Amino acid sequence: MNYDEFNHFCGSFPATTHVVQWGDSHVWKVGGKVFAIGGWGKNKQPAFTFKVSDLNFDFLSDLDGYIPAPYFANRGMKWIQQIGTSSELDEELIYYLSESYRIVSLGLSKRKQKELGLNPR
């Protein structure tokens with residue numbers, strides 16, 4: 001996945017915003033909270049950072065193509081960075097970006113979720 005594809009996919013979720021910050025990274029937010037970052041790769045290779053469950057953090061931390069996310073994981077947060085660039089990882093990335101969006105949106109206050117039209121019951 002390249003950054004254009006990443007931005008297109010992240011922009012398909014409801015109530016998202018996109019900013020370029022933190023060293024020209026593509027930062028995607030829902031309700032003002034970050035759920036995905038495209039950037040920070042070594043040697044200008046694409047890298048994608050996202051929030052994960054505790055179980056997925058433990059699983060992905062030891063898997064080729066993934067590392068605990070710089071900055072976030074150092075502070076005890078469950079964020080992973082996909083550093084593998086093979087197209088075989090695109091399907092996994094789509095899943096983990098979707099999960100990150102879900103986790104972050106569910107972490108918003110009920111009032112904020114309702115205001116944004118998210119997670120109706």
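**Exercise 1. Find out which parts of the structure cover the buried residues of helix α1.**

*Solution.* Start with the cover itself: β1 (16-21), β2 (25-30), β3 (33-38), β4 (48-51) and α3 (90-107) are among the elements over the buried residues of α1. Contact here means heavy atoms within 4.5 Å, and the helices (H or I, at least four residues) and strands (E, at least two) are DSSP runs, numbered from the N terminus. Please keep in mind that this is a predicted model, in which local features need pLDDT of at least 70 and side-chain atom pairs count only at pLDDT 80 or more, while totals for chains, interfaces and linings use all residues. Residues are numbered from 1 along each chain as its sequence is written, and side-chain values use heavy atoms, with hydrogens and water left out.

Next, pick out the covered residues. In α1 (residues 3-10), F6, N7, F9 and C10 are buried, where buried means under 20% relative accessible area, exposed over 50% and partly exposed in between (1.4 Å probe, protein chains only). The four span an arc of only 165° around the axis, so they sit on the same side of α1; the arc is taken from the directions from the helix axis to the C-beta atoms. D4 and H8 are exposed on the other side of α1.

Finally, look at the N-terminal end of α1. N2 caps it, with a side-chain oxygen 3.0 Å from the backbone nitrogen of D4.

**Exercise 2. Work out the strand order of the sheet and name its edge strands.**

*Solution.* First, the order: six strands make an open sheet, β1-β2-β3-β4-β6-β5, with antiparallel pairing. Two strands count as paired if DSSP finds at least two bridges between them. β1 and β5 are the edge strands, each pairing on one side only. On average, neighbouring strands of this sheet are turned by 30° against each other, direction ignored.

Then walk along the pairs:

- β1 and β2 run antiparallel and are joined by six bridges; T16 has V30 in β2 as its bridge partner. The two strands form a hairpin with three residues between them, and W22 in the turn has a positive phi of about 55°.
- β2 and β3 run antiparallel too, joined by five bridges. Their hairpin has two residues between the strands, and G31 in the turn has a positive phi of about 60°.
- β3 and β4 pair in the antiparallel sense over three bridges, and A36 has F50 in β4 as its bridge partner.

Axes are lines fitted to C-alpha atoms, for helices over the stretch in contact, and angles run from 0 to 180 degrees between N-to-C directions.

**Exercise 3. Classify the ring pairs F6–F48 and Y66–Y96.**

*Solution.* Begin with the rule: rings of Phe, Tyr and Trp (its six-membered ring) pair if their centres lie within 6.5 Å; planes under 30 degrees apart are stacked, over 60 edge-to-face and the rest tilted. By this rule there are nine aromatic pairs.

F6 and F48 are 5.0 Å apart, centre to centre, with 35° between the planes, a tilted pair. F6 belongs to helix α1 and F48 to strand β4, so the pair ties together parts 42 residues apart in sequence. Both F6 and F48 are buried.

The ring centres of Y66 and Y96 are 6.4 Å apart with the planes at 75°, so this pair is edge-to-face. Y66 is in strand β5 (residues 66-68) and Y96 in helix α3, 30 residues apart.

Key
A polar contact is a pair of N or O atoms within 3.5 Å; within protein, one must be able to donate a hydrogen and the other to accept it, and residues adjacent in sequence count only if both atoms are side-chain atoms.
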